[in-house]
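Hi there,

Here is the structure I promised to pass on to you. Have a look at it first, and then read my notes below.

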Amino acid sequence: MAEDQRPRVANGYLPIEDHGVIGDLHTVALVGVNGDIDWCCLPRFDSPSVFGALLDTDRGGRFTVTSLDAVRTKQMYHPDTNVLLTRMLGTDSVAELVDFMIPRKPAECPGAGQLIRRLRAARGRVTGRLHCEPAFDYGRAPHRVNLIDGVGAVFTSPVGRLLLRSTTALRVDGLGVVAEPVLAEGESIDLALSWEGEPVPLGPGEIDACLAGTEAYWRRWIRQSRYQGRYREMVERSALVLKLLVHDPTGALVAAPTTSLPESVGGTRNWDYRYTWIRDAAFTLYALMRLGFTEEAAAFMGWLEARCRDAAGDSEGLQVLYGVDGRRDLPEETLDHLAGYAGSKPVRIGNAATKQRQLDIYGELMDSVYLYNKHGEPISYDLWDALRRQLDWLAHHWEEPDHGIWEMRGRPQRHTYSALMTWVAFERAQRIARHRGLPAPLDEWQKLADEAYLHVQNTGWSPSANAYVQHSNSTTVDASALIMPLVKFSGPKDPRFLATLDRIGRDLVTDSLVRRYSTDGSDGITGDEGTFSLCSFWYVEALTRAGRLTQARHLFEQMLTYANHLGLYAEEIGKAGEALGNFPQAFTHLALISAAVNLDRALGGRSLGTRGSA
C-alpha cells in the first residue's frame with residue numbers, strides 16, 4: 001500500500017508514478033492517487049483517448065471521483081488481482097474508491113467491458129465529488145451530453161458514444177456531469193462507464209456481481225504462476241501487469257498503454273508505445289512461459305505467425321512494430337493542440353519506427369520460436385516455411401547498416417547488437433531444424449551464423465576500449481551487450497564479456513540505474529533521457545550469471561525501491577528517482593521477472609514449482 005501522502009501535482013499534472021492501472025484485456029485506464037482517471041483510450045489500446053488529461057490538463061478530459069474531506073491517500077490492489085483500491089483519509093473520515101475494468105471474457109465475468117468505480121464511506125461521513133468530462137479523439141472531436149432519467153448520462157460525439165450509469169443523481173456542468181453526494185458511514189455510490197453501452201439502470205447487486213467475477217478471474221489466472229521465490233510479490237505483480245497489456249483477441253502485447261510521456265520533462269523524446277514490437281516476442285514468451293502462462297505464449301505465437309506469413313513475400317522483410325491487430329500502417333503525427341505532460345511537447349501518435357530497419361528483430365523472433373517449440377507446442381510447417389523466407393531475406397541484408405535496438409534516428413550504423421542477433425537467428429533456426437527434422441539449408445545457415453559471430457568478435461570488440469562497443473564506428477559501450485550471456489553468445493565469465501560488464505558498470509551505471517548509451521546527440525534526437533529500467537534488470541541478470549551474487553542481489557533490491565507504490569515501473573527513472581517515459585512499460589516487467597527467477601535460483605532458492613490451490 002502507498003505511504004501516506006498528499007497527491008503531488010506539478011504544473012497541474014500528477015507525477016507519472018502516482019498512478020495505478022486497471023484494464024479489461026482490450027485497453028487500460030490510469031487511475032491517480034487523487035481519484036482521477038486521466039488516461040484511457042476506448043475501445044482498445046491504440047484507439048484515440050477519451051480521457052487524456054495526462055497530456056493536457058485543460059483539454060484532455062478526465063473522470064474524477066474523490067472525497068472532498070481527504071487530506072492524504074493510499075493505494076493498493078486487492079490481493080492477487082488488478083482491482084485497485086484508493087483510500088482517502090480525512091481528519092475524521094475514511095473513503096474508499098474501488099476501480100476496476102471487467103475483463104472481456106463474457107463467460108467468466110458479468111458486465112464485461114465496463115469500467116466500474118465505487119465510492120464508499122468506510123468510516124465517518126464523507127462528502128464525495130464526481131466530475132466526468134470526456135474529450136473524444138484526443139480532444140479533437142466535439143460532443144454533447146444528455147441526462148437519462150434513472151440511468152445517468154450519455155456523451156455523444158461523431159466518433160463514438162460513452163454511457164455513464166450512476167446510482168447517484170447527476171447534473172450537467174458544461175460538457176461534463178458532476179455530483180457531490182454526502183455518504184453516511186457504510187453508504188456507497190456506484191458508477192459504470194461503457195463504450196456504446198445499453199442505457200438501462202444499474203440493478204441491485206449488479207456491481208457486487210461484477211466485482212466478485214472480476215476478482216475471481218484474476219485470482220484464477222495468477223494461480224497458474226509457478227514462481228515461489230523470495231521476490232514473489234513483485235514477480236506476480238509484474239505478471240498481472242503484463243496480462244493487462246496483452247490484447248486478448250489477438251495475443252499481441254503492447255509496449256506500454258500510453259503515448260508521449262516524456263523521457264525528460266520538457267524534452268522532445270516523446271513516443272507512442274501503444275503498439276506491438278517484434279522484439280518483445282522472445283522476452284514475452286521467455287518470461288510468461290517460465291512462470292507457467294502457456295496460454296498467453298501460444299496466443300502471441302499465433303500473432304507472430306500471422307505477421308511472418310503476411311511478410312513472406314515482402315521485399316522489405318518484417319516491420320519493427322505493428323498494430324495489435326497486425327496493422328502495418330502507423331503514420332506518426334503530432335497533436336499540436338495538446339500541451340503535453342507538464343509542457344513536454346510534441347505529443348505524438350503513431351510511430352515512424354515502422355519505416356526503420358532494425359535487423360536484430362530476426363534474432364528475437366527466432367529465439368521466441370525456438371523457446372516455444374521447445375517448451376510449448378511444436379510449430380507448424382506453414383510457420384516454418386514463412387520463417388525460412390524471413391531468414392532468406394536476412395541472409396541478403398544482415399550486413400547492411402540499421403537503426404539498432406534503440407531506434408536511433410541518426411545515420412544507420414553496423415550495430416553490434418544487430419550482428420549478435422543475426423547469429424541468434426541462424427543458430428536457433430539450426431536447432432529447431434535438427435530437433436524436428438525440418439527441411440533447412442543447414443550448411444548455409446551455419447556459414448551465416450559463423451560470419452555474424454566473427455563480425456561481433458572482430459568488429460564489435462574494441463581492443464582500445466577493452467569492451468564490445470555500440471557499432472563498428474564507435475568507441476563507446478551500449479547496455480544491449482548485457483544480453484550476450486542470456487542468449488548464449490558468450491559464457492557469463494568469458495573475459496571479453498566480463499571486461500564489457502565492468503566497462504558498462506563504469507560508464508553507464510549510477511546506483512543501480514543503467515543508461516542505454518551516452519546521449520551525446522549522435523542518435524539523431526535532441527535532449528536527454530533518464531536511465532532505462534529494462535537495462536538495470538539486464539545488468540542484474542548479467543551480474544548473477546557472472547557469479548557476482550552479492551552485488552546482483554544488492555542492485556536488484558535497490559531497483560525494487562524505484563518501483564512506484566504499487567510495484568509498477570515506467571520506461572525510465574530520472575535523476576531524483578521519478579518515473580519517466582511511458583507507463584507501465586512491459587519490457588521492464590519482463591526483465592524483472594527474468595532477473596528475479598535467475599537471481600533466486602543462483603541464491604539457492606526454489607523459485608519455480610507447482611502452485612497450490614489456495
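Is Phe51 buried or exposed? Phe51 is buried, because its relative accessible area is 0%. Please keep in mind as you read that this is a predicted model.

Let me start with the aromatic rings. A search of the whole structure turns up 22 aromatic pairs. In one of them, Phe51 and Phe63 are partners, with 5.9 Å from centre to centre and 35° between the planes, which makes the pair tilted. This pair links distant parts of the chain: Phe51 belongs to strand 4 (residues 49–51) and Phe63 to strand 5 (residues 62–67), 12 residues apart. Phe63 is buried too, at a relative accessible area of 1%.

Another tilted pair is made by Phe283 and Trp538, whose ring centres are 5.9 Å apart and whose planes meet at 40°. Here Phe283 comes from helix 4 (residues 280–291) and Trp538 from helix 11 (residues 533–545), so the pair links parts of the chain 255 residues apart. Both Phe283 and Trp538 are buried. They are also members of a cluster, in which ring pairs link them with Trp406, Phe532 and Phe587.

Next, the cysteines. The structure holds 0 disulfides. For Cys40, the nearest cysteine sulfur is that of Cys41, 6.7 Å away. Cys40 is buried, with a relative accessible area of 0%.

Now for the salt bridges, where the count comes to 38. Asp325 and Arg44 form one of them, with 3.0 Å from N to O. Both residues lie in loops, and because these loops are in separate parts of the chain, the pair ties together parts that are 281 residues apart in sequence. Asp325 is partly exposed at 34% relative accessible area, and Arg44 is partly exposed at 22%.

Glu236 and Arg232 make a salt bridge as well, their closest N and O atoms being 3.4 Å apart. Both lie in helix 3 (residues 232–244), 4 residues apart, which is about one turn of the helix. Glu236 counts as buried at 6% relative accessibility, whereas Arg232 is partly exposed at 35%.

Finally, Asp382 and Arg309 meet in a salt bridge of 3.5 Å, N to O. Asp382 is in helix 7 (residues 381–397) and Arg309 in helix 5 (residues 294–310), 73 residues apart.

Enjoy exploring!

How values were computed:
Residues numbered from 1 in each chain as written. Predicted model: local features only at pLDDT ≥ 70, side-chain atom pairs only at ≥ 80, totals over all residues. Heavy atoms only, no water. Phe/Tyr/Trp six-rings, centres within 6.5 Å; stacked < 30°, edge-to-face > 60°. Helix = DSSP H or I, 4+ residues; strand = E, 2+ residues; numbered from the N terminus. Buried < 20%, exposed > 50% of the residue type's maximum accessible area, 1.4 Å probe, protein only. Disulfide = S-S within 2.5 Å. Salt bridge = Lys/Arg side-chain N within 4 Å of Asp/Glu carboxyl O.
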